[in-house]
Amino acid sequence: MLSCAEVARLVSLSQQRKLSLGEQMKLWAHFALCGVCRQYQQGMSKIDQYLKACSSCEDREQATLTEAFPETRMSEECRQKMQAKMLEELKSSSSH
């Protein structure tokens, strides 16, 4: 079984390319037993969705999880949009 560190690496890699069936099966098996990694994957997926939804980012095509967070890479408008979407998601999930 994969370690949590290996899972984190594969989750990040999955944002950049399609994982092989074997890699996906190893992740699914780990997620079935590890709620922390399952939550990590869900959180990373949400962040990736927010980044892709940010249409005003000048370098949107490069807005991957490994490159998007340095402040010089993202416009202020994009950061504000992403923050607003994240806050909206938090509010809706906490009201359930």
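Me: His30 lies in helix H2. Is His30 buried or exposed?
Reply: The model is a predicted one. A residue counts as buried when its relative accessible area is under 20%. The relative accessibility of His30 is 3%, and therefore His30 is classed as buried.

Me: Which residues is His30 in contact with, leaving aside its neighbours within four places in sequence?
Reply: His30 and Ser3 are 27 residues apart in sequence, while their C-alpha atoms are 8.2 Å apart in space. Ser3 is also one of the contacts of His30. With neighbours within four places left aside, the residues in contact with His30 are Met1, Leu2, Ser3, Cys4, Val7 and Cys37.

Me: Which residues does Cys37 touch, not counting residues up to four places away in sequence?
Reply: Cys37 is among the residues in contact with His30. Cys37 is also a member of the largest nonpolar core. Not counting residues up to four places away, Cys37 touches Cys4, Val7, His30 and Phe31.

Me: How many residues make up the largest nonpolar core?
Reply: The members are Leu2, Val7, Leu10, Val11, Leu19, Leu27, Phe31, Cys34, Cys37 and Met44. Two or more residues each are given to this core by helix H1 (4-14), H2 and helix H3 (35-53). In soluble globular proteins, nonpolar side chains tend to be buried together. The core comprises 10 residues.

Me: Which element gives the largest share of this core?
Reply: The elements that give two or more residues to the core are H1, H2 and H3. The largest share amounts to 3 residues, and the element that supplies it is H1.

Me: Within what arc do the buried residues of H2 fall, seen down its axis?
Reply: The buried residues of H2 are Glu23, Gln24, Leu27, His30 and Phe31. They line one face of the helix, because, seen down the axis of H2, they fall within an arc of 130°.

Me: Which residues are exposed on the other side of H2?
Reply: The buried residues of H2 line one face of the helix. On the other side, the exposed residues are Leu21, Lys26, Trp28, Ala32 and Leu33.

Me: Is Gln15 buried or exposed?
Reply: Gln15 is found in the loop between H1 and H2. Its C-alpha atom is 8.6 Å from that of Met44, although Gln15 and Met44 are 29 residues apart in sequence. At 16% relative accessibility, below the 20% cut-off, Gln15 counts as buried.

Me: Which residues is Gln41 in contact with, leaving aside its neighbours within four places in sequence?
Reply: Gln41 is found in helix H3 and counts as partly exposed, at 27% relative accessibility. Its C-alpha atom is separated by 9.8 Å from that of Ser14, 27 residues apart along the chain. With the neighbours within four places left aside, Gln41 is in contact with Val11 and Phe31.

**The protein overall**

Me: What pattern does the protein follow, read along the sequence?
Reply: The protein has 4 helices and 0 strands. Read along the sequence, its pattern is α-α-α-α.

Me: In which helix is confidence highest, and at what mean?
Reply: The protein averages a pLDDT of 77, and 72% of the residues score at least 70. Confidence is lowest in helix H4 (residues 76-94), at a mean of 74. Confidence is highest in H2, at 95.

Notes:
Residues numbered from 1 in each chain as written. Predicted model: local features only at pLDDT ≥ 70, side-chain atom pairs only at ≥ 80, totals over all residues. Heavy atoms only, no water. Core = buried A, V, L, I, M, F, W, Y, C linked by side-chain atoms within 4.5 Å. Buried < 20%, exposed > 50% of the residue type's maximum accessible area, 1.4 Å probe, protein only. Contact = heavy atoms within 4.5 Å. Arc of directions from axis to C-beta. pLDDT = per-residue confidence, 0-100.
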